[in-house]
Amino acid sequence: TGLEAMVLDEKKKAAVISEEVKEKEAVIKRLQENLKKQEKNCIGAQRTAGSSEATVKKLKADKENLLNQIELLKDERQELNHKLSDLLTEVAELQSLNVRIQDECERRVRTAEDHAETQAKKRESRAMQEPVSYTHLRAHETRHDLVCRLLLEKKK
């Protein structure tokens, strides 16, 4: 009986220990499941973080590329502004030259008109004069007149 009581006690202890082991195994199983979940979460987070890092790197590279393009466009805009300024200066010079040419043309037209008017007056005054002698005409003949006269005399 004493021995049986001891065996019974040992069995009870074994049962208690067995229950504790089962509980511990259940806790371990839960912890393992939690660990697996955390590992999955970590892997997912790493993937997300990895893709986020890759995305961040790509976005940084894109940003840098855009900043470079902006700088290039600013440089091009500055060059175009210089060209525009040069062209505007050239246009102003050409307009000034055009005004001078128009003024000169108008002056020449006025001079030609004045000369034509003077010549017309001279012709009118000559028409009113008395006829002159052949000798007088020969005295005032030009090369052109001389050539014409010689040709006419040759035909006769």
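E104 and R107 sit 3 residues apart in helix α1, so about one helical turn separates them. Helices here are DSSP runs of H or I with at least four residues, strands are E runs of at least two, and both are numbered from the N terminus. The model is predicted: local features need pLDDT of at least 70, side-chain atom pairs count only at pLDDT 80 or more, and totals for chains, interfaces and linings use all residues. Residues are numbered from 1 along each chain as its sequence is written, and side-chain values use heavy atoms, with hydrogens and water left out.

**Confidence**

- The protein chain has an average pLDDT of 76, where pLDDT is the predictor's confidence in each residue, from 0 to 100.
- A score of at least 70 is reached by 69% of the residues.
- Helix α1 (residues 2-127) has the lowest confidence, with a mean of 75, while α3 has the highest, at 84.

**Fold and surface**

- The protein chain contains 3 helices and 0 strands, giving the pattern α-α-α along the sequence.
- Its accessible surface is about 14900 Å², and carbon and sulfur atoms account for 58% of that area; areas come from the Shrake-Rupley method with a 1.4 Å probe, and for residues only the protein chains shown count as cover.
- Of the 156 residues in the protein chain, 1% count as buried, where buried means under 20% relative accessible area, exposed means over 50%, and partly exposed lies in between (1.4 Å probe, protein chains only).

**Salt bridges around E104**

- The structure has 6 salt bridges, each defined as a side-chain nitrogen of Lys or Arg within 4 Å of a carboxyl oxygen of Asp or Glu.
- E104 pairs with R107 in a salt bridge, with the closest N and O atoms 2.5 Å apart.
- E104 also forms a salt bridge with R108, where the closest N and O atoms are 3.0 Å apart.
- E104 and R108 are 4 residues apart in helix α1, so the separation is again about one helical turn.
- E104 has a relative accessible area of 28% and is therefore partly exposed.
- R107 is partly exposed because its relative accessible area is 39%, whereas R108 counts as exposed because its relative accessibility is 54%.

- R149 belongs to helix α3 (residues 143-155).
- With a relative accessible area of 15%, R149 is buried.
- Apart from neighbours within four places in sequence, R149 is in contact (heavy atoms within 4.5 Å) with Y134, R138 and E141.
- A network of salt bridges links R138, E141, R149 and E153.

**Cysteines**

- There are 0 disulfides in the structure, a disulfide being a pair of cysteine sulfur atoms within 2.5 Å.
- C105 is partly exposed, with a relative accessibility of 43%.
- C148 is partly exposed as well, at 34% relative accessibility.
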